[in-house]
Amino acid sequence: MEITYVYTKFRREFGRPGLFSDRAETVMVDIQPNPNLISNFVVKTPRDQATQACVDMCEHPVNTERFESTNCGVNHMEGAWPKDINPRDLEQTVRFKKKIEKEENYVNSLVHLGYVMDHCIRQNNTIDIYQEHFKEDTMEKVPELPTAKTMCVFRDPNKVKRTITGLSWHPDGGRKLAAAYCSLDFQKSPPDMSFDSYIWDLENPNYPEMALKPESPLVCLDYNPKDPHTLVGGSYSGQIAFWDTRRGSQPVEYSSLEHNHRDPVYKIIWLQSKTGTDAFSASTDGQILWWDVRKLSEPTERLVLDPSREGNLDRALGAISLEFEPTMPTKFMVGTEQGMVVSCNRKAKTPAEKIVCTYEGHHGPIYAIQRNPFFPKNFLTVGDWTARIWSEDIKESSIMWTKYQMSYLMDACWSPVRPSVFFTVKMEGVLDIWDLLFKQSEPTLSVKVSDKPLYSLRIQDNGQVLACGSHSGEAALLQISSGLSILQKNEKSLMAAMFERETKREKILEARQREIRLKERSRSEQSREDEAGREDGDDDPEELLAKVESDFYSLVETEMRKREKERRAAAPQEEEACDENETKDEAEDEGKNEEDKVKNEEDIGKTEAENEVKTEAESEVKIEAESEVKIEAENEVKIEEENEVKNEEENEEKNEAEDGQTE
């Protein structure tokens with residue numbers, strides 16, 4: 001039997017609101033404590049525990065679909081004219097416009113629009129939306145950590161990926177980037193490899209804006225700073241190609257095969273001229289060629305990089321990098337495969353005078369060379385495992401250099417806005433940013449841009465965006481932080497002082513090395529003269545000493561003979577005196593004996609004095625001979641040093657005069 005209990009309640013009481021009112025307190029139940037129940041309870045130690053009421057969430061990377069944009073144009077045609085009016089007939093259109101202007105609907109619509117425009121104009125005059133309310137308050141700038149963020153990556157659209165060997169920014173604001181694609185592996189390029197190079201738009205990284213179609217893969221290319229529609233490029237076959245983007249992808253003009261380079265053109269630069277059509281190129285065949293893009297059939301000028309200044313192409317140095325500063329239009333510098341920098345003057349009279357001087361310091365090819373945009377006398381070179389900063393006044397060694405890296409450095413460039421910042425790329429796929437005012441032994445920032453080697457580097461004119469070209473055909477754009485792209489306070493003066501200090505230090509070391517070389521040269525010449533004198537046997541100091549000794553000994557012998565004769569002549573007289581005085585006392589004999597003893601002692605003293613005189617004379621003769629030889633050697637060294645100093649001063653004066661004339 002199931003037991004149930006039923007509560008009864010009227011329907012009207014369901015959902016009845018509760019009524020509350022204030023009243024005095026009343027005790028409903030009073031439970032007294034029971035001490036006997038303490039043993040049933042266990043005291044629990046207090047513990048703090050944090051709880052989170054939010055839902056647990058996790059982060060997952062998601063690759064969204066790429067937005068593809070295409071360029072299209074719309075051709076607007078004038079329309080809305082009645083059928084009976086020809087829009088190309090000026091009289092009919094003017095007559096129709098006058099008719100419309102006289103209608104009431106046209107006047108009413110203009111009046112209505114006038115009220116709307118009047119309201120908007122009054123509103124703009126009331127409130128200045130461009131007003132700066134806190135213009136006087138200057139916010140404290142928080143020092144920002146150096147960073148470089150990847151903006152986008154341009155990938156080679158072909159199946160066979162090629163190396164980006166050259167980059168060039170569009171001169172108008174850097175909206176576009178031109179990249180040269182080429183495989184530098186000798187005889188290893190696949191047969192289906194494309195020869196095209198591309199122009200990319202920063203707003204559309206999916207597809208190139210334009211393809212450049214040369215006959216041979218481009219190794220380098222450069223935008224014309226005066227005309228942003230024209231480019232010039234150097235190909236792997238040694239030809240020079242000229243493009244006008246308004247005329248399409250095909251080159252406008254090519255250089256002839258008979259007069260172009262024999263090896264790949266590794267660098268080509270536009271020159272600053274009135275026409276804006278001059279450029280010059282460098283190749284590993286040892287030639288520097290000047291071109292006019294209006295007529296590429298043959299070069300306008302030619303220079304052979306022969307260090308002996310004889311113009312022999314067989315002994316020429318292979319050029320792999322070029323440097324040209326528009327503020328110094330007659331000077332340019334060439335980086336060679338042999339690790340030597342050649343400074344040249346284009347306006348020299350003879351080909352031998354065009355090669356001014358050379359700088360040696362790298363163990364391998366110099367892949368990049370660039371002057372500091374703020375201090376043109378100082379230039380940066382990259383080769384082997386180091387980057388070096390040079391001064392034009394110091395030819396023996398660089399004034400600053402980085403420590404040897406673990407991989408090859410392939411390219412470098414100065415920051416166009418900060419004189420102390422430069423960038424380098426390595427075969428490890430790493431971009432190094434150096435700030436000489438902050439740190440000199442290590443890079444300020446190192447960024448892993450790609451897993452493949454980086455071969456090329458180019459920075460925008462504003463110093464904020466950097467482009468790096470890799471071995472796999474990827475061009476990565478990096479945004480540089482403001483701390484590395486904004487000129488700092490007193491940066492120019494600090495860098496000028498640093499370059500001047502390092503230049504003075506190298507000059508002192510160079511002078512010291514020169515003195516050491518002069519001393520070594522004088523010693524070697526003196527030793528050669530000594531050997532020649534020994535062979536001749538005329539001016540040998542040892543023979544002179546031998547002659548002096550023989551003369552001295554002959555004089556001593558003659559003197560001794562004279563004294564012996566005198567002694568023999570005095571002996572018989574003494575015997576006669578002894579016979580006559582035999583009867584004298586023993587005392588007299590003893591006196592005589594004593595006199596003989598004294599005479600013997602005097603003779604011994606005389607011989608000792610003669611020996612001392614002899615030794616002193618010999619030593620004096622030796623000292624005089626040695627001093628004469630030393631004085632002659634010192635005089636010859638002084639004369640040679642004075643002649644060398646005079647020759648150097650005359651050469652420096654000639655060079656300064658020539659520089660003044662060229663300037």
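The model is predicted, so local features need pLDDT of at least 70 and side-chain atom pairs count only at pLDDT 80 or more, while totals for chains, interfaces and linings use all residues. Residues are numbered from 1 along each chain as its sequence is written, and side-chain values use heavy atoms, with hydrogens and water left out.

Let's start with helix α1, which covers residues 90-101. Helices here are DSSP runs of H or I with at least four residues, strands are runs of E with at least two, and both are numbered from the N terminus. The 12 residues of α1 reach 17 Å from first C-alpha to last, close to the 16 Å expected at 1.5 Å a residue; the expected span is 1.5 Å times one less than the number of residues. Where α1 starts, a side-chain oxygen of Asp89 comes to within 3.4 Å of the backbone nitrogen of Glu91.

Together with Val107, Leu110, Val111, Leu113 and Tyr115, Tyr106 makes a nonpolar surface patch of about 580 Å². Patches are made of residues with over 30% relative accessible area and no salt bridge, with nonpolar side chains (Val, Leu, Ile, Met, Phe, Trp, Tyr) joined within 5 Å and like charges within 9 Å. Areas come from the Shrake-Rupley method with a 1.4 Å probe, and for residues only the protein chains shown count as cover. Tyr106 is partly exposed at 32% relative accessible area; buried means under 20%, exposed over 50%, and partly exposed in between (1.4 Å probe, protein chains only).

What about the cysteines? A search of the whole structure turns up zero disulfides, a disulfide being a pair of cysteine sulfur atoms within 2.5 Å. Cys58 is exposed at 60% relative accessibility, whereas Cys152 is buried at 14%.

Now for the backbone. Most residues other than glycine have a negative phi. Asp384, in the loop between β19 (378-383) and β20 (386-391), has a positive phi near 45° and is buried at 0% relative accessibility. Asn490 also has a positive phi, near 60°, and lies in the loop between α4 (482-485) and α5 (491-536).

Gln287 sits in strand β12 (residues 287-292) and is buried, with a relative accessible area of 5%. Its side chain makes polar contacts with those of Asp285 at 3.0 Å and Arg302 at 2.6 Å. A polar contact is a pair of N or O atoms within 3.5 Å; within protein, one must be able to donate a hydrogen and the other to accept it, and residues adjacent in sequence count only if both atoms are side-chain atoms.

Finally, the count of salt bridges comes to 25, each a side-chain nitrogen of Lys or Arg within 4 Å of a carboxyl oxygen of Asp or Glu. One of them joins Lys176 and Glu209 at 3.0 Å, N to O. This pair links distant parts of the chain, 33 residues apart: Lys176 is in strand β3 (residues 176-182), and Glu209 is in the loop between β4 (197-201) and β5 (210-212). Lys176 is buried at 18%, while Glu209 is partly exposed at 35%. In another bridge, Arg294 pairs with Asp292 at 2.9 Å; Arg294 is exposed at 54% and Asp292 is buried at 14%. Lys504 and Glu500 form a bridge at 3.7 Å, and because they are four residues apart in helix α5, about one helical turn separates them.
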